[in-house]
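Please work through the following exercises on charged side chains. Each task is followed by a solution in steps.

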Amino acid sequence: METKQSMDCILKDPSAQAKPVVPRLITVNPLNIIIEPSSGQIDKTLELKNIYPCRIAFRIQTNGPTRYTVCPNKGFLSIGEKSMIQISMIDGSKYQSNHQFIVQAKPAPGDFADRKLIWKQPNVLGILTNTRVKTMRPGQSLTKSQSKSPSAHLAPVDSSGANSPAPADSNESLVTPSVPSWSKTATSIDHGKFADNINDLALKVKKAIAEKNTKTSEMVAVVNQIKSIEVELDRQAQLVNELSERVKKGEMQYSNLVMHERNLRAEMERYKPNDSEQSGT
């Protein structure tokens, strides 16, 4: 209900009419990310600042969603708020010169808390800015980098690597817009503070993944050791079975010998002369 009321305010606000010039909502620093030659993970930081006179939503897109992780890749910024974005290239050896990012921003009512759902809502004000962030190697000239501006399709970076279509790029202007009426209440409900915890959560997730990989390796080693013990137990069991068969054969032979001895003793007793016969002779 609160979302509907806020959107109604936008519709009724005279300042929400379409303007011929797109206002500037956000500043991005730096606009060129230096990627050093490396075979490991490369971490960079991007600073976003809200310079619009009301709350805004932002998201970051890239044409290399499987090469980079961005945290947070979506969020909200209240008036004048800054946010430090952590950009990590998973493997520096897979860098390509056409890698780039686009930071999108649009006004967001103060009662919007879902940073994904906000981008599925219709853009009533028609205000959307796209700021391009390029990547380059150390020592590469800026003009050369700009002359190679690619037309590759950009997609939002997500922790799972999923991507979705991105709108076309547009240039920002420096025109200061009028403040929509709903922006007066935008600061009353500020959800941008949650973006500060996302970096800590991302580090915890990476640490948990590393611990999981370590435990998995240990578990695999233990399983292999158990399998080796099982093989050895099977071999020993086979030897025990063979010894049991030999023991059974030995017992049978012993029983046969005992029976044979008894038969011989019986024969000897039968052929042995009696004492009475010996005295008579």
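**Exercise 1.** Determine whether E36 is buried or exposed, or in between, and identify its salt-bridge partner.

*Solution.* Step 1: E36 has a relative accessible area of 32%. Step 2: buried means under 20% relative accessible area, exposed over 50%, and partly exposed in between (1.4 Å probe, protein chains only). E36 is therefore partly exposed. Step 3: the salt-bridge partner of E36 is K44, with the closest N and O atoms 2.9 Å apart. A salt bridge is a side-chain nitrogen of Lys or Arg within 4 Å of a carboxyl oxygen of Asp or Glu.

The model is predicted: local features need pLDDT of at least 70, side-chain atom pairs count only at pLDDT 80 or more, and totals for chains, interfaces and linings use all residues. Residues are numbered from 1 along each chain as its sequence is written, and side-chain values use heavy atoms, with hydrogens and water left out.

**Exercise 2.** State how many salt bridges the structure holds, and describe the one between E261 and R265.

*Solution.* Step 1: the structure holds four salt bridges. Step 2: in the pair E261 and R265, the closest N and O atoms are 3.3 Å apart. Step 3: both residues lie in helix 3 (residues 195-271), four residues apart, about one turn of the helix. Helices (H or I, at least four residues) are DSSP runs, numbered from the N terminus. Step 4: E261 is partly exposed at 40% relative accessibility, while R265 is exposed at 54%.

**Exercise 3.** Explain where E267 and R270 stand in helix 3.

*Solution.* Step 1: E267 and R270 are three residues apart in helix 3, so about one helical turn separates them. Step 2: their side chains meet in a salt bridge, 2.5 Å from N to O.

Conventions
Helices (H or I, at least four residues) and strands (E, at least two) are DSSP runs, numbered from the N terminus.
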